[in-house]
Each structure stands twice: as C-alpha cells, then as structure tokens.
Amino acid sequence: MTHSNQIQLSGSNAQADDITMSGGGLYSLATKGAKDVIDHGTPLVIDAIDALKLNPNLREFRMSDMGCADGGTSLSMIEAALNQVRKHANEASISVVYSDQPRNDFNALVSIVHDLTDFDSYLKRIDEVYPLFSGSSFYLQAVPNNTLHLGFSATAMHWLSSKPMNISDHVHMVGASGEELRAFSS
Ligand SMILES: C[S@@+](CC[C@H](N)C(=O)[O-])C[C@H]1O[C@@H](n2cnc3c(N)ncnc32)[C@H](O)[C@@H]1O
C-alpha cells in the first residue's frame, strides 16, 4: 500500500523506522556536538583496534558505524580507525558498513562518504576501502556471522526497538518514574 511517495511497510518489522535525522547533510552541518563526542571517543576506537591484535597478513577488515545518520560526524574517526588498522595489517582491504534506519537520508550519506559534498571524506586518501550502506536496524543482524571486526555506534542507543508505554508527565524516558521508568528500563 502506498501513501503519496512513501511505501507502507507491513508484516513483522523489527525496525523503528519513523524518526530520522534531518536530510541533505543538514544533520552533520547542524550537529557539531555529536562530531565532538565522536572525535573525543576516537582514542577508545584506536585502543579497541590495538586490542584486536590483528594478524599482519590479514586480507580483509570490516567495521561498522551503526546509526550513522548522514555519516558526516564520523568521517574523522573512521579515517583514524582505518589508518590504525593499516598500521597493524597494511595489506588488508577494508569495508566500512554504514547502517541506519531504512528512512534515513541514504542519498546524503552516500554523497558525503563518496566526497561529493563540502565534507572532507577520507575516501580520497585511503586506498582499498569499500563503503557499504545498509538499512538494517542495529537491532537486527546486518552482516554475516564472523565477518565484523569492529562495531561502532554513537548517540543512537536511546532509540529503543519499541515503546513499552506512554510517559505521562515527561517527553523522555530519563524523566519517567515508577512503573513507567521500570517499563523503559527493562
Ligand atoms: C542522533 S543520531 C546520531 C548520528 C551519528 N551516530 C552521530 O553520533 O552523529 C542517531 C541515529 O541513529 C539512527 N537510529 C535510530 N534507531 C536505529 C536503529 N534501530 N537502527 C539503526 N539506526 C538507528 C537514527 O536514524 C539516527 O540517524
């Protein structure tokens, strides 16, 4: 069934798909704070890569940015991560799986990652990197078993898979209390 230009999804759908970020790259342009969070967290990502103790002869490495929005806020982190992977395994081909909800603005995401905008994408500086784009929710398995080395997600875990109940006197679950808080905590 269709409503104007939207396809109505039906059947079992584990994807919370009706609240997305502003499109057209506006999200990253307007959200310096989210980029700051990711940039400050980048040393944790580097440590996580070091902890993997990658085989120097590794042929393929795959990481994912889950809940990536338009991808602009994580460009610097991903560039640093890819350079760190190459320090350990300099022959590895790398895929970066960008995933978000199906109604995310994937056109903006693809344009930003493929360096078609004013954002500065690492793609032109790092060889043998393959960006892949997925509309699979982070509540679903998005890549085959045993093919993901590193998963990353920033400022997205407050999107729940479902709403357990309405909150009577607040707009956000952190302001819930009593039975309502318990419902959102479980
Ligand atoms: C506040 S934005 C954060 C974007 C980016 N990670 C950042 O930190 O700048 C949260 C993103 O998570 C996405 N998201 C929410 N629920 C999701 C789900 N179940 N699966 C995948 N992405 C989801 C939203 O569509 C949105 O793009």
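The shell around the ligand divides into twelve nonpolar residues, ten polar residues and one charged residue, where Ala, Val, Leu, Ile, Met, Phe, Trp, Tyr, Cys and Pro count as nonpolar, Asp, Glu, Lys and Arg as charged, and the others, Gly among them, as polar. Of the 23 residues around the ligand, those that come nearest are Ala34, Gly67, Thr73, Ala156 and Trp159, a residue being near a molecule if its C-beta atom, placed from the backbone, lies within 6 Å of it. The model is a predicted one, in which local features need pLDDT of at least 70 and side-chain atom pairs count only at pLDDT 80 or more, while totals for chains, interfaces and linings use all residues. Residues are numbered from 1 along each chain as its sequence is written.

The chain holds five helices and six strands, which follow one another from the N terminus in the order β-β-α-α-β-α-β-α-β-β-α; helices (H or I, at least four residues) and strands (E, at least two) are DSSP runs, numbered from the N terminus. Of the 186 residues in the chain, 25% are buried, a term applied if 20 or more other C-beta atoms lie within 10 Å of the residue's own, with exposed denoting 12 or fewer and partly exposed the range in between, and with C-beta atoms placed from the backbone. Among the contacts in the chain with a separation of 6 or more, 78% are accounted for by residues 24 or more positions apart, two residues being in contact if their C-beta atoms, placed from the backbone, lie within 7 Å.

Helix α3, comprising residues 75–88, has 14 residues and reaches 20 Å from its first C-alpha to its last, close to the 20 Å expected at 1.5 Å a residue, the expected span being 1.5 Å times one less than the number of residues. The buried residues of α3 are Leu75, Met77, Ile78, Ala81, Leu82 and Val85. These residues lie on the same side of α3, because they cover an arc of only 160 degrees around the axis, the arc being that of the directions from the helix axis to the C-beta atoms. The elements against which the buried residues of α3 pack are α2 (32–51), β3 (60–66), β4 (93–99) and β5 (129–134).

The largest nonpolar core has 28 residues, and those with the most contacts inside it are Ile78, Ala81, Leu82, Val85, Ile94 and Val96; such a core is a set of buried Ala, Val, Leu, Ile, Met, Phe, Trp, Tyr and Cys residues joined through C-beta atoms within 7 Å. At least two residues of this core are supplied by each of β3, α3, β4 and α4 (106–113), and the largest share, six residues, comes from α3. When neighbours within four places in sequence are left aside, Ile94 is in contact with Phe61, Leu82, Val85, Glu128, Val129 and Tyr130.

In α4, the buried residues include Ala108, Leu109, Ile112 and Val113. Seen down the axis of α4, the buried residues fall within an arc of 120 degrees and therefore line one face of the helix. The elements covering the buried residues of α4 include β4 and β5. Ala108, which lies in helix α4, counts as buried because it has 24 C-beta neighbours inside 10 Å. In space, Ala108 and Asp70 are 5.7 Å apart, C-alpha to C-alpha, although 38 residues separate them in sequence.

Just after α4, Asp115 takes a positive phi of about 60 degrees. Asp115 lies in the loop between α4 and β5 and is partly exposed, with 15 other C-beta atoms within 10 Å. A positive phi, of about 45 degrees, is also found at Lys53, although this residue is not a glycine. Lys53 is located in the loop between α2 and β3 and is exposed, with 7 other C-beta atoms within 10 Å.

His149, found in the loop between β5 and β6 (150–152), counts as buried because it has 20 C-beta neighbours inside 10 Å. Residues up to four places away in sequence not being counted, His149 touches Leu52, Phe61, Arg62 and Met63. His149 and Glu60 are 89 residues apart in sequence and 9.5 Å apart in space, C-alpha to C-alpha. Asp50, in helix α2, is exposed, with 12 other C-beta atoms within 10 Å, and the C-alpha atoms of Asp50 and Lys87, which are 37 residues apart in sequence, are 9.6 Å apart in space.
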